[in-house]
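Reader: I have some questions about how the terms are applied here. Could you take me through them?

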Amino acid sequence: MVSPTAARLAPKKSDNSREAGIAAFWRFSADRDLLKDSERLRQIKIGFPAQLAQAFRLTFDLQERNLETLLNASISTLERRRREQKNLDPVASERLDRIASVSHLAEEVFENQESATHWMSTPNKALGGVAPIMLCETEIGAKQVRRVLQALEWGGAA
């Protein structure tokens, strides 16, 4: 029999799946750097597994509307693709690839995933008061985020 204290301290199944999802996103993020552009492009065209969208959402604790904006897909479409074990379309996959690459740069600058996640999710004055993650919807926005991260890496104010 499990004591009440042990039951309280044991990780919940949802906590384990959340941690697994977050770990999956960061592995995916780190792997982007290891690939040639041609391989990344091939993967984007094929599409990433739809489960990756949920891992991304868990990592950044995104609201549904923000996830829909960032991946250019409705929650119902993302859920259906996950349930049917289908890949994301190339548009959502390209956006996810971009976000993962920028997130990996943030992890390198801040030297840990938690700080990178916090920075990416917090509105930033240098980026017009918008959270960096939300700017990654477009390549131009991601370029702005990279510029700020590079300034931080080299000791500049951002």
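Author: Gladly. Contact means heavy atoms within 4.5 Å. Leaving aside neighbours within four places in sequence, Val145 is in contact with Val102, Trp119, Met120, Leu127, Pro132, Leu135 and Cys136. This is a predicted model, where local features need pLDDT of at least 70, side-chain atom pairs count only at pLDDT 80 or more, and totals for chains, interfaces and linings use all residues. Residues are numbered from 1 along each chain as its sequence is written, and side-chain values use heavy atoms, with hydrogens and water left out.

Reader: Why is Ala53 called buried?

Author: Buried means under 20% relative accessible area, with exposed over 50% and partly exposed in between (1.4 Å probe, protein chains only). Ala53 has 3% relative accessibility, so Ala53 counts as buried. Ala53 lies in helix H4, and its contacts beyond four places in sequence are Leu67, Leu71, Leu78 and Leu96.

Reader: What makes a nonpolar core?

Author: The term is used for a set of buried Ala, Val, Leu, Ile, Met, Phe, Trp, Tyr and Cys residues joined through side-chain atoms within 4.5 Å. The largest one here has 40 residues, of which Phe56, Met120, Ile133 and Val145 touch the most other members. Helices supplying at least two residues each include H2 (13-32), H4 (51-60) and H7 (90-110). H7 gives the most, with eight residues.

Reader: What makes H7 a helix, and how does its reach of 30 Å compare with the span expected?

Author: Helices are DSSP runs (H or I, at least four residues), numbered from the N terminus. H7 has 21 residues, and the expected span is 1.5 Å times one less than the number of residues. From first C-alpha to last, H7 reaches 30 Å, close to the 30 Å expected.

Reader: Which residue follows H7, and what is its phi?

Author: That is Glu111, whose phi is positive, near 70°.
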